[in-house]
Amino acid sequence: MKRIFTFLVFVFLAGQLVAQEKAFQFGFKLGPSIAWIKPTSDGYERNGVKAGFNWGFMADVNIMENYAIHSGFNVIYLNGAYSYPHKMKLEGASDFTTGTMNRVIHLKYIEIPAVMRMKTDEVNEFTFYGEAGFGLGFCTGAKADDTFVDNQGTSDIKEGVNVNKQVKYSRFAMILGAGAYYNLGGSSKLTAGIRFNNNLFDILKDQNTVDPKIENKGIANFLELQLGFLF
């Protein structure tokens, strides 16, 4: 009888260990963020940072002890502001006028991340991690709130302008971050962390209207607070 009891306890503990170390875990995340557009063309300037928001589903594939491949898909609402020389025809005017365009751009991406997470051993229900990898995003929407001010001080304001043709379809980024898991028991975990999503290539396209030899160029970065739950 004692041997049977000991065997049952061993089976129970082994089952608990397997449950806590699942090879694959799936969950969801939310992430408030701050973002900025960094123009790289002559005469273009960044105008501060803008709040954004991300959500999505995530998965951890544990490939060995303390190492996991983290992936899933993210829906990213990325906002930024910048200004640049611009030429346009104001309403009611017969000729084009030159001035400065102040643009707040609203971008939406679907991103597929591929990140390596390096984890510590669990200490008092907490496991800490560092991560590095890449993300490939696809633009599903681009709108802008534009304020144009010409050289005489006359302004023209337009909201919700469709600028899909001025934004490249894909966005490739380097991802760096750190955070922690909190073990709720079994395989369920809460996660929280900070992630820097660093755009590597230009996302803007087309030429400047004042000087067509200048191409529209800029990168879009954001810093995200990630909050999530893994099953």
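Rings of Phe, Tyr and Trp (its six-membered ring) are taken to pair if their centres lie within 6.5 Å, with planes under 30 degrees apart counted as stacked, over 60 as edge-to-face and the rest as tilted. By that rule, the count comes to 15 aromatic pairs. One of them joins Tyr44 and Tyr84, a stacked pair at 5.2 Å centre to centre with 10 degrees between the planes. The pair links distant parts of the chain, with Tyr44 in the loop between E1 and E2 and Tyr84 in strand E4, 40 residues apart. Helices (H or I, at least four residues) and strands (E, at least two) are DSSP runs, numbered from the N terminus. Both Tyr44 and Tyr84 are buried, where buried means under 20% relative accessible area, exposed over 50%, and partly exposed in between (1.4 Å probe, protein chains only). Phe26, Trp55, Phe57 and Phe73, for their part, form one aromatic cluster.

A word on the ground rules. This is a predicted model, in which local features need pLDDT of at least 70 and side-chain atom pairs count only at pLDDT 80 or more, while totals for chains, interfaces and linings use all residues. Residues are numbered from 1 along each chain as its sequence is written, and side-chain values use heavy atoms, with hydrogens and water left out.

Gly43 counts as exposed because its relative accessibility is 54%. Setting aside residues up to four places away in sequence, Gly43 touches Ser83, Tyr84 and Pro85, with contact meaning heavy atoms within 4.5 Å. Gly43 and Ile214 are 171 residues apart in sequence, yet their C-alpha atoms are 9.3 Å apart in space.

Ile214 turns up again around Gln207. This residue, Gln207, lies in the loop between strand E9 (188-199) and strand E10 (218-230), and with a relative accessible area of 43% Gln207 is partly exposed. Apart from neighbours within four places in sequence, Gln207 is in contact with Pro212, Ile214, Glu215 and Asn216.

Next, the strand pairing. Two strands pair if DSSP finds at least two bridges between them. Strand E6 (residues 126-150) pairs with strand E8 (residues 170-185) in the antiparallel sense, over 13 bridges, and Tyr129 stands opposite Gly179 in E8. E8 also pairs with E9, again in the antiparallel sense, over twelve bridges; here Tyr181 has Thr191 in E9 as its bridge partner. The hairpin of E8 and E9 has two residues between the strands, and in it Gly186 takes a positive phi near 65 degrees.

Side chains of opposite charge can pair when their charged atoms come close. With a salt bridge taken as a side-chain nitrogen of Lys or Arg within 4 Å of a carboxyl oxygen of Asp or Glu, the structure holds seven of them. In one, the closest N and O atoms of Glu224 and Lys29 are 2.6 Å apart. Glu224 lies in strand E10 and Lys29 in strand E1, so this pair ties together parts that are 195 residues apart in sequence. Both Glu224 and Lys29 are buried.

Another salt bridge brings together the side chains of Arg171 and Glu111 (3.9 Å, N to O). This pair likewise links distant parts of the chain, Arg171 in strand E8 and Glu111 in strand E5 (residues 97-119), 60 residues apart. Arg171 counts as buried at 2% relative accessibility, and Glu111 is buried at 1%. Asp156 and Lys158 also meet through their side chains in a salt bridge (2.6 Å, N to O); Asp156 is buried, with a relative accessible area of 14%, whereas Lys158 is partly exposed at 41%. Salt bridges that share partners join Arg117, Glu131 and Arg195 into one network.

Two of these arginines also face rings. A charge is said to sit over a ring if NZ of Lys or CZ of Arg is within 6 Å of the ring centre and within 35 degrees of the ring normal. The charged end of Arg117 sits over the ring of Tyr129, 4.0 Å from its centre, and that of Arg171 over the ring of Tyr109, 6.0 Å from its centre.

Finally, Asn74 in strand E4 (residues 67-88) is buried, with a relative accessible area of 4%. Beyond residues up to four places away in sequence, the contacts of Asn74 include Lys29, Trp55, Phe57, Tyr109, Glu111 and Arg195.
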